[in-house]
Amino acid sequence: MIGYDKYVFLADDDIDDCFLFEDALSEVSIQTRLSTANDGIELMNLLENAVPPPPDVIFLDLNMPRKNGFECLVELKTTDKFKDIPVVIFSTSCEEGYIDKVYENGADYYLCKPGSFQSLKTAISKVLSIDWKDHTAQPARDQFFLTY
């Protein structure tokens with residue numbers, strides 16, 4: 001793709017978190033194009049109009065208005081047009097029940113929002129370094145929760 005190496009979607013209703021994510025992403029050495037949505041309905045509308053080509057990865061917050069991340073994940077993984085797009089859950093909640101639920105619904109990884117800017121950059125870089133073309137199956141449950 002011209003001008004960038006990775007195409008990334010971020011769905012998060014916290015505007016400050018979106019700005020922080022965008023700043024961190026701009027400091028990662030990989031050239032990226034970022035599209036953001038502030039709720040699940042906006043995410044699904046953006047995807048409907050943007051795909052193809054699909055994004056390389058979607059960072060999906062769980063607690064959003066109108067349509068939450070759990071609902072989006074189910075829709076993404078059960079819709080032919082979107083089911084192969086990697087989804088990384090990106091949430092402040094690290095509850096085991098949430099992690100189990102999104103694992104069962106087909107998320108590719110789970111990442112708790114880091115507490116520092118440097119950790120956020122490291123986490124984003126780690127996700128973007130995954131070769132999604134070789135990532136054809138969901139990881140084992142014990143490798144599902146990403147650390148940074």
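A: Happy to! Let's begin with strand 3 (residues 57-60), which runs parallel to strand 4 and is joined to strand 4 by three bridges. Strands pair if DSSP finds at least two bridges between them. Helices (H or I, at least four residues) and strands (E, at least two) are DSSP runs, numbered from the N terminus.

A word on the background: this is a predicted model, where local features need pLDDT of at least 70 and side-chain atom pairs count only at pLDDT 80 or more, while totals for chains, interfaces and linings use all residues. Residues are numbered from 1 along each chain as its sequence is written, and side-chain values use heavy atoms, leaving out hydrogens and water.

Within this pairing, Phe59 sits opposite Val88 of strand 4. Together with helix 3 (residues 69-78), strands 3 and 4 form a right-handed β-α-β unit. Right-handed means that, with the strands pointing away from the viewer, the path from the first strand over the helix to the second runs clockwise.

From strand 4 the chain then crosses through helix 4 (residues 96-104) to strand 5, again in a right-handed β-α-β crossover. Strand 5 (residues 109-112) pairs with strand 4 in the parallel sense over four bridges, and here Ile89 faces Tyr110.

How enclosed is strand 4 (residues 87-91)? Five of its five residues are buried, so strand 4 is largely enclosed by the rest of the structure. Buried means under 20% relative accessible area, with exposed over 50% and partly exposed in between (1.4 Å probe, protein chains only). Val87, Ile89 and Ser91 point one way from the strand, while Val88 and Phe90 point the other way.
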